[in-house]
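Reader: I'd like to learn how to read a structure like this one. Could you walk me through it, one feature at a time?

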Amino acid sequence: MFSDFVSAVRHLRERPPETREHEAAVCLRIAFLGNCTLDHLRDAVELELAPRIFCHTYLGPFGQWPQEVLDERSRLAEFKPDIVVLYLSSLGMTSGGSRLDPVPAADLENALRTFGRRSSARLVVVLPEPLAECSGGDSDADAWYRDGVQKVATIVRDSLPGRCAILDPAATLATFAKGWAAAGYWTSAKIPLHPIAVVTIGRRLARMIENISSARIKVVAVDCDDTLWGGLAGEVDPQELQLSPHDGGAAYLRLQRVLKEAARRGILLVAVSKNEPATVEAVFKTRPEMVLSANDFALMKVSWGPKSQAIQEAAKELNLGLDSVLFLDDSAFERGEVQAALPDVTVIDLPSNPEERAAFVVQTGLLERPILTDEDLRRTELYREERLRTESRSAAATINEYLSSLDLRLTPVAFAPENLARVAQLIAKTNQFNLTTRRYSHQQLAELAADPNVYTHAFRVADRFGDAGLIGAIILQPEEEGVARLDIFLMSCRVMGRTVENAMFNHALRWLRERGYETIRGEYLPTARNGMVAGLLSAFGFTLESGENGHERYTRSTESSVDDPYVVSTDDVVGVG
Amino acid sequence: MTIGRPELHEILAPVFELGDRTLTLTSGPEDVEKWDSLNHLNMVAAIEERLGVSMSGQEIASIYSVADLIAVLRAHGVEVNWAD
């Protein structure tokens, strides 16, 4: 039941984080970024990994993943994540499914490459979900979805080779029939799937994170005869071994491909075979179908001694613990021998049917992309730091370029009957980016809007990805001659970090100047949740006048605007309010 | 379908951590401590799961009290017998 999940999350959080951290075997710092609301995903991962893994989590502000990644002073950068989860939902990329805009491929690639250079964190990308109206045919929605998933997956793999993992939600969603698509949650809260589906995907994500973070397996010790190829190399001519893709050989080649990929990701391969070395060598040399070449192996342990002994020697030579070794062998006898002699080695019961083996090995998750070892990190650290120094300038240029390229447009809209419902909602619900958290009823707002001496404006923001709608509001009340007071200044957190608030403020300043106001007063009323605007008035050039009883009063001249470099065109409608 | 007040309470109690406290028709985000925006959606998800209904975004946003919730359920053919 979903309510059980809600209670379980609450019970988990009721225990002090320090206690949970103390009791956990592993602590991970996980950041969640995306173009949708991610609370349920975060909660599911945290709950699923507890109590063994304690998660410090960071929930990126809605829709701001590119800035968070590009800005080296972002809260994401400060958080120093071990793992970053990025979910680019289809609904987020298509304005709720209304417009099949192309996937922001260039931005994604740019952000991920910067991320890869700057952070040693691992990235887990949740691929876009199918659109509800995908039918499995060739509709525009189907084409968009197939193309989008493929583009995102390709960019992720190419930009962060070996440091990313991909979770495709489609397989999980298929178990929900149609129930996962629940547009009501998108409309009301930018949640792209039914919360129950989000939680199910979160559980899968947690398994993946667990594998990534504790990738124990660094070596695969693999048998040759009847494991890498069909038949016994010592008994038949190499040409007679089953290795042709046109017969039963394909099954062996599939397993080879899985191992080849593991090797590419840094897992070491050791061939462990009871044979003459020359016999095994001959197979590698004379069978062009082989996916694995002799060079893919860190060591060849080919001898007539017990396999446990060969593995022990290999671990010693590679300077790795036996607990980092996975042993693959088709023979139950050999598996038993190794397990009995070396209990620390991971031995899995390879299916007797060769056709099933490749998928079986993948599904154990033991070969999931391992997190870089401490040694790897240390080795790369120095050169990464050096590169950071030389890059910080161009990186700053990158975020500036990015923000400029957004083509941000701010449209001030005077409070009016047709937008008052949305304005009232914005004023009632904005808790964080809100200087005063004053609430006004619909009726009060209508009265303020009708008063020509009161500045009442809401703001609409659009960029090249789409229209974010009404995202902010300002109310200025006249005080004595030439002085106005900033009664309400609030903005949706969705558009933070783009100097939109500065452009909003500039609009208000212009209005004041045109009406002969010389001074603007500002107030900051701190609450438990609006700490993010504690420094806003100072940043706008206000001077603090008094600050007793948690009520900070500021003043500023109405002259001179503040910088809003990224807001390219403010469609000015001054005078309507 | 008709459900009674105890059944509705049973669905909402774990979401809002009600314990033995009872809800009234006017109960809403103002007076129910755990009725915040995330739990609002959790409530909807729990209701949808248990009663097999599916609410629109507008309906989700229109609920400001237990009475509003009951009205939305009625529109989906689920009567809540509050007198129970």
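This is a predicted model: local features need pLDDT of at least 70, side-chain atom pairs count only at pLDDT 80 or more; totals for chains, interfaces and linings use all residues.

Reader: Which residue meets Lys307(A) in a salt bridge?

Author: Asp329(A) does, with 2.8 Å from N to O. The pair links distant parts of the chain, 22 residues apart: Lys307(A) is in helix H14 of chain A, while Asp329(A) is in the loop between strand S9 and helix H15. Both Lys307(A) and Asp329(A) are buried.

Reader: Which residues are linked in a network of salt bridges?

Author: The network links Arg438(A), Glu479(A), Glu480(A), Arg485(A), Asp487(A), Arg521(A) and Glu523(A). Take Arg438(A) as a way in. Its side chain meets that of Asp487(A) at 2.9 Å, N to O. Asp487(A) lies in strand S14 and Arg438(A) in the loop between helix H18 and helix H19 of chain A, so this pair ties together parts that are 49 residues apart in sequence. Arg438(A) also forms a salt bridge with Glu523(A), at 2.8 Å from N to O. That pair is 85 residues apart, with Glu523(A) in strand S15 of chain A.

Reader: Is Arg438(A) buried or partly exposed?

Author: Partly exposed, because its relative accessibility is 22% and buried means under 20%. Asp487(A), at 1%, counts as buried, and Glu523(A) is buried too, with a relative accessible area of 6%.

Reader: Now the place where the chains meet. How many residues of each chain are in contact there?

Author: On chain B there are 20 residues, in contact with 19 residues of chain A. The two chains bury about 1,600 Å² between them, with 60% of it on carbon and sulfur atoms. On the chain B side, Leu38(B), Leu41(B) and Glu49(B) lose the most area to chain A, together 30% of what that side buries.

Reader: What polar pairing is found across that interface?

Author: The rule finds 1 salt bridge and 7 residue pairs in polar contact. Arg10(A) forms a salt bridge with Glu17(B), the closest N and O atoms being 3.7 Å apart. The elements giving two or more residues to the chain B side are H1, H2 and H3 of chain B, and H2(B) supplies the largest share, 10 residues.

Reader: Can we finish with one residue in chain A? What does Val198(A) touch?

Author: Val198(A) sits in helix H11 of chain A and is buried, with a relative accessible area of 8%. Leaving out residues up to four places away in sequence, Val198(A) touches His40(A), Leu41(A), Ile191(A) and Leu193(A).

How values were computed. Residues are numbered from 1 along each chain as its sequence is written. Chains are lettered from A and ligands numbered from 1 in the order in which they are written. Side-chain values use heavy atoms; hydrogens and water are left out. Contact means heavy atoms within 4.5 Å. Buried area is the accessible area (1.4 Å probe) that two parts lose on being put together, summed over both. A salt bridge is a side-chain nitrogen of Lys or Arg within 4 Å of a carboxyl oxygen of Asp or Glu. A polar contact is a pair of N or O atoms within 3.5 Å; within protein, one must be able to donate a hydrogen and the other to accept it, and residues adjacent in sequence count only if both atoms are side-chain atoms. Helices (H or I, at least four residues) and strands (E, at least two) are DSSP runs, numbered from the N terminus. Buried means under 20% relative accessible area, exposed over 50%, partly exposed in between (1.4 Å probe, protein chains only).
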